[in-house]
Amino acid sequence: EAVAPHWFYRKVTDGRERWVPFSTQDSERLEEAHGSGRGKEDLVVPTSGGRYDVHLKERQRVAVYWEEEVSEVRRCTWFYKGDKDNKYIPYSETFSEELEEAYMIAVTLDEWKKKLESPSREIIILHNPKLMVHYHPVATSDDWGSTPTEQGRPRTVKRGVENIAAEIPNGEPLQIDHLVFVVHGIGPACDIRFRSIVQCVNDFRNVSLSMLQAHFKKAQEQQQIGRVEFLPVNWHSSLHSTGVDVDLERITLPSINRLRHFINDTILDVFFYNSSTYCQTIVDTVASEMNRLYQLFLQRNPLFKGGVSIAGHSLGSLILFDLLTNQKAAPEGDEHSKEGSRTTSSNRGIEEVKDILKKLELSEYCDVFEKEKMDRQALFLCTEKNLKEMGIPLGPRMKIHHYISSKTEMQHRAEPGSPSQHDPDSTDDGRNCQYRDVGLGQVSANYPQLNYKPTIFFAFGSPIGMFLTVRGVKRINPNYSLPTCKGFFNIFHPFDPVAYRIEPMIVPDLEFEPMLLPHHKGRKRMHLGKGKGSPSPPAPGSGCGPQPHANPSCLSELKEGLTRMSVDLKNNLLGSLRVAWQSFTRAPLPAVEAASTDAEVEAEASAEKQPETKAEEPPAAVKEEAPVINVGRLNGGNRIDYVLQEKPIESFNEYLFALQGHLCYWESEDTVLLVLKEIYQTQGITLDQPLPGGQ
């Protein structure tokens with residue numbers, strides 16, 4: 001029987017080369033194109049959810065949305081075991097054909113002990129169908145030259161991908177329901193492993209696929225949903241290609257070279273953003289890149305009808321916030337949104353004009369304004385000349401003009417993003433006025449417009465609150481909302497040193513805790529944080545918050561963290577601290593998480609079997625209904641600040657895990673699940689089962 005080929009691509013990470021299998025559906029698509037008989041043409045096959053194109057003729061895999069080194073692609077049938085990590089490496093396509101031909105002859109004639117020489121003069125011997133070996137060439141020199149021999153350590157040879165135990169992914173759903181652009185923070189590296197934004201967003205996307213399978217299974221089975229696409233937006237390389245690095249290098253002291261280089265490459269990004277020159281470069285890059293990606297995505301997905309959301313990590317969230325506050329709501333959009341209540345709002349506007357005239361003791365002129373169909377917005381557009389043409393005498397005219405001037409001045413003095421608090425109709429005026437000029441602390445820049453209206457803005461580990469405070473904003477008006485984006489979520493880890501809250505700026509007189517994000521498996525972690533940024537127990541029945549006793553699933557998770565670190569330390573006692581740190585803090589990969597350890601399964605099963613104990617009940621102080629907190633319109637009236645639960649092992653020393661707290665979001669299932677939940681909620685699709693503590 002002929003061997004079934006599978007397609008692989010070569011990936012180089014930190015100088016190490018490995019061959020990665022395409023998903024089953026991608027490999028089948030490539031094989032179909034390969035077998036179509038159009039080999040002379042340069043066929044292009046989209047793979048990996050449309051993020052990479054494979055050029056069949058050149059055997060190259062090319063990134064579509066971002067810059068990345070081109071990867072070699074290979075149609076693989078025969079493999080040999082590598083030296084370093086025991087991973088199987090595919091032979092070249094030409095030599096694989098020779099091996100297959102020799103194998104088929106041997107099977108047909110039942111003649112084994114076949115010996116072949118590879119292009120690199122290595123020896124392969126086919127002893128029998130189950131024993132085939134590959135020998136390193138050990139050259140023996142003599143007067144007549146060198147010849148390869150069978151000496152050296154033999155390596156196993158396998159025929160067919162099914163015999164090498166490769167982890168072949170199933171592939172991604174073809175249907176894309178929503179698009180999310182993700183903007184990075186300072187520096188070129190985005191996590192503790194010094195990976196790029198592309199690699200981190202890949203992780204985020206992979207976690208989202210596993211969360212969809214775990215929590216949206218019904219909707220998937222009914223084909224109501226496909227998946228959410230996450231695309232990275234890189235601005236750091238554009239900023240540092242302006243020549244500023246050369247200028248910095250010229251003035252940088254030679255001592256502690258690595259530290260100074262690190263500061264120039266990362267920390268200085270914050271200062272660049274606060275410089276009007278480089279701020280313009282950054283906002284132009286982010287906006288133009290998101291617009292470019294959006295247009296390219298639509299070209300490649302012409303049937304896409306979903307919405308677009310944006311997410312920013314660290315400084316990236318501040319860049320997006322500033323961009324969003326400077327977007328202009330399109331007039332047609334306003335008209336459409338007010339279509340159902342146009343008459344009502346018009347009547348309300350006329351009534352408000354009457355109230356203003358009454359306040360100014362000019363009620364006798366109400367009929368004049370009503371006759372001219374003058375609502376509040378029209379009144380504020382009036383000049384003294386207009387009032388004169390309406391027949392208003394000089395005295396009343398001056399009163400009205402003074403009122404309009406004083407209101408306009410108050411509007412410009414209001415906090416950034418906040419319409420005048422005394423405005424009876426601050427919603428409409430607040431949206432149309434120009435926010436955040438230089439006097440209010442925002443960097444002077446010409447903020448570009450986006451080609452779409454984002455559905456939701458997600459901020460991860462965000463310093464927005466701190467920057468607004470430093471700019472002189474003491475509070476945000478509760479009536480303020482982003483001009484083109486109705487949703488805003490501020491998500492942070494309790495130990496994240498860069499993250500700040502937003503809600504206290506909207507409701508400064510009330511002390512309340514952020515919303516506690518439920519664990520994606522419904523567990524209750526040992527939440528030991530008692531600081532101001534840590535959440536208090538939520539309402540009864542929410543199923544999260546501090547617990548009097550640690551439950552088995554929590555202890556199981558603690559055991560997982562300790563086991564991971566001990567194994568890494570045992571295997572590599574002389575390994576670097578970085579490796580140990582990764583093992584200590586990393587979240588389990590979705591595939592590993594799904595196949596829980598026996599101890600964890602038993603612990604969770606025993607926890608389920610146990611009757612409800614007093615530990616599960618909320619404390620007496622919490623039993624009364626939690627008051628509803630109005631946090632304004634920034635997130636459509638919903639809560640804005642959401643705090644992750646720290647892992648049990650992180651609770652032992654919050655300072656030790658502070659850096660990891662700022663870089664944990666890419667692999668955080670809880671963060672990803674909130675993003676998916678809120679996105680699909682806009683489409684009327686909910687989780688299979690509400691999580692404890694979820695809204």
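Hi everyone. Let me begin with a definition: a residue counts as buried when its relative accessible area is under 20%. Keep that in mind while we look at this model, which is a predicted one.

So, is Ser-23 buried or exposed? Its relative accessible area is 8%, and therefore Ser-23 is buried. You'll find Ser-23 in the loop that links strand E2, residues 16-21, to helix H1, residues 24-34. Leaving aside residues up to four places away in sequence, Ser-23 touches His-6, Ile-168, Pro-169, Asn-170 and Gly-171.

Strand E2 brings us to the sheet. Six strands form an open sheet with antiparallel pairing, and the order runs E2-E1-E6-E5-E4-E3. Which strands stand at the edges? They are E2 and E3, the latter being residues 44-47; each has a single partner strand, so one side of each is left without a neighbour in the sheet. From one strand to the next, the twist averages 30°.

Let's stay with E3 for a moment. Its antiparallel neighbour E4, residues 52-55, is joined to E3 by 4 bridges. In one of these pairings, Val-44 has His-55 of E4 as its bridge partner.

Finally, two helices. The axes of H9, residues 276-300, and H10, residues 315-325, come within 10 Å and cross at roughly 80°, which means H9 is roughly perpendicular to H10. On the H9 side, the contact is made by Ile-282, Val-283, Val-286, Ala-287 and Met-290, and on the H10 side by Ile-319, Leu-320 and Leu-323. By class, that contact of H9 with H10 has 8 nonpolar residues, no polar ones and no charged ones.

Conventions
Residues are numbered from 1 along each chain as its sequence is written. This is a predicted model: local features need pLDDT of at least 70, side-chain atom pairs count only at pLDDT 80 or more; totals for chains, interfaces and linings use all residues. Side-chain values use heavy atoms; hydrogens and water are left out. Buried means under 20% relative accessible area, exposed over 50%, partly exposed in between (1.4 Å probe, protein chains only). Contact means heavy atoms within 4.5 Å. Axes are lines fitted to C-alpha atoms, for helices over the stretch in contact, and angles run from 0 to 180 degrees between N-to-C directions. Angles under 35 degrees count as roughly parallel, over 145 as roughly antiparallel, 65 to 115 as roughly perpendicular and the rest as oblique. Ala, Val, Leu, Ile, Met, Phe, Trp, Tyr, Cys and Pro count as nonpolar, Asp, Glu, Lys and Arg as charged, and the others, Gly among them, as polar. Two strands pair if DSSP finds at least two bridges between them.
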